[in-house]
Amino acid sequence: MDAGSMAFGIVATALVLFMTPGLAFFYGGLVRAKSVISMMMMSFGAIGLVGTLWILYGYNMSAVDSPLDFSGNPFSDFGLAAMAAGESANTDFIGVAYGSTFAIITIALISGAIADRAKFGAWMLFAGAFATLGYFPIAAWVWGGGWAYSLGELLGLPAVIDYAGGTAVHINAGAAALALTIVLGKRLDFTKGAHKPHNVPFVILGASILWFGWFGFNVGAEWLNGLEGAGLITLNTVGATAAAICAWLLVEKLKDGKPTSVGAASGAVAGLVAITPACANLTPGWALLLGALSGALCALAIELKWRLGFDDSLDVVGIHLVGGMLGTIYLGFFANDTGLFLGGGIGQLLVQLIASVGVMIYAFVAAFVIGFAIEKTIGFRVTSEDELAGVDRVVHGEDAYEYELERV
């Protein structure tokens with residue numbers, strides 16, 4: 001690989017890694033001032049732990065020899081010692097690093113569902129266990145030769161399309177988030193309007209960083225394909241996100257009377273989520289429609305937690321599960337050449353549905369079992385007293401902001 005291609009891969013890796021600190025700001029701004037450190041630490045904890053596990057054995061698990069394998073052998077090249085001795089190690093390591101950033105942000109996304117009430121140690125235990133049993137195998141299923149990757153061939157249908165993580169990242173994280181809301185239960189004051197963002201500029205900053213980094217997320221994978229589709233992917237990442245902002249704000253205006261800056265930021269994330277699996281396989285017009293649908297649908301979906309009674313603190317389910325499902329299944333109708341309405345048959349839609357639902361069910365069950373085991377052993381949730389006092393001071397011994405009164 002030439003130096004230019006390697007440089008592009010390194011930049012893409014840095015962009016996607018930067019997304020997780022962006023997520024920390026996005027989530028941190030959405031919670032109360034007494035929970036912001038805890039919220040941001042969950043993302044940084046994921047960077048440290050999942051990044052380490054990916055190098056030790058996660059990368060080994062992310063590719064399989066047979067579609068029926070659960071995952072790769074985690075001990076096949078523990079710590080990547082054999083890769084380091086190979087002639088192509090310099091290039092291979094960039095691919096490993098790039099893959100680690102996807103694993104990191106997938107786990108970090110889940111944390112938004114359990115804001116204000118989770119122990120940091122229990123979260124870290126969950127993060128390591130779910131990365132091992134959730135993300136690493138699912139990455140193998142979707143991109144590493146597993147059942148989802150091979151589903152079209154096995155059924156004599158078109159291949160599943162998931163360019164950058166509709167199933168492996170967003171459906172995975174959203175389903176796991178839903179499971180943890182059930183395990184941890186509702187916050188003590190789970191009522192509409194009780195939890196307002198403490199720092200809206202943080203929310204806007206975080207969403208902006210996410211959008212910036214998302215070009216590494218979507219366009220970055222093209223570094224191994226000679227950047228053949230980079231222009232289309234770039235434009236779709238801009239267009240779908242822009243349309244989603246407009247649609248979310250319109251729904252807010254019609255529903256609540258006022259469009260909000262938090263709504264604009266949330267709409268941007270919804271559009272980014274939906275275009276992730278579809279960015280390389282839609283013409284720009286269909287990408288705009290997908291963005292508009294995702295902004296509107298996710299703006300409505302976040303209300304489900306009030307109707308159904310699950311406390312998804314920062315709307316991970318409403319944005320990532322719903323947006324990921326929408327973007328993945330939408331390809332069954334509008335994917336270039338193979339979509340039902342664009343010259344293909346029903347086959348593309350079938351494989352998109354099977355892959356989406358299969359990953360969703362597995363991720364939900366795996367997260368529920370892991371989370372339930374943690375809750376029943378060391379405890380996942382802080383005490384009611386600690387929740388009222390604020391998890392920042394109790395769990396981390398820190399306050400996000402120090403206020404000093406000047407003496408007159």
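Start by selecting Asp116, which counts as buried at 9% relative accessibility (buried is under 20% relative accessible area, exposed over 50%, partly exposed in between, with a 1.4 Å probe and protein chains only). This is a predicted model, in which local features need pLDDT of at least 70 and side-chain atom pairs count only at pLDDT 80 or more, while totals for chains, interfaces and linings use all residues. Residues are numbered from 1 along each chain as its sequence is written, and side-chain values use heavy atoms, with hydrogens and water left out.

Stay on Asp116 and check its backbone: phi is positive, about 80°, although the residue is not a glycine. Asp116 sits in the loop between α4 and α5 (helices are DSSP runs of H or I with at least four residues, strands are E runs of at least two, and both are numbered from the N terminus).

**Salt bridges**

Arg187 and Asp116 form a salt bridge, with the closest N and O atoms 2.9 Å apart (the rule is a side-chain nitrogen of Lys or Arg within 4 Å of a carboxyl oxygen of Asp or Glu). The pair links distant parts of the chain, 71 residues apart: Arg187 is in the loop between α7 and α8, and Asp116 in the loop between α4 (89–110) and α5 (120–143). Both Arg187 and Asp116 are buried. Now show Arg117 and Asp311 as well; these two join Asp116 and Arg187 in a network of salt bridges.

Next, select Arg32 and Asp189. Their side chains meet in a salt bridge at 2.5 Å, N to O. Arg32 lies in the loop between α1 (3–30) and α2 (36–61) and Asp189 in the loop between α7 (166–184) and α8 (200–218), so the pair ties together parts that are 157 residues apart in sequence. Arg32 is partly exposed, at 22% relative accessible area, and Asp189 is also partly exposed, at 27%.

Then go to Lys192 and Glu303, whose side chains form a salt bridge at 2.8 Å, N to O. Lys192 is in the loop between α7 and α8 and Glu303 in the loop between α11 (284–301) and α12 (304–308), so this pair connects parts 111 residues apart in sequence. Lys192 counts as exposed at 58% relative accessibility, whereas Glu303 is buried at 16%. The count of salt bridges comes to ten.

Select Asp315, in the loop between α12 and α13 (316–334). Its phi is near 65°, a positive value in a residue other than glycine. Asp315 is buried, with a relative accessible area of 16%.

**Nonpolar cores**

Display Ile107, Ile110, Phe126, Phe130, Tyr135 and Phe380. Of the 99 residues in the largest nonpolar core, these touch the most other members (a core is a set of buried Ala, Val, Leu, Ile, Met, Phe, Trp, Tyr and Cys residues joined through side-chain atoms within 4.5 Å). The largest share of this core, twelve residues, comes from α5. Zoom in on Ile107: leaving aside neighbours within four places in sequence, its contacts include Ala46, Val50, Trp123 and Phe130 (contact means heavy atoms within 4.5 Å). Another core lies apart from the largest one, with 19 residues, among them Ile161, Val219, Ala274 and Cys279.
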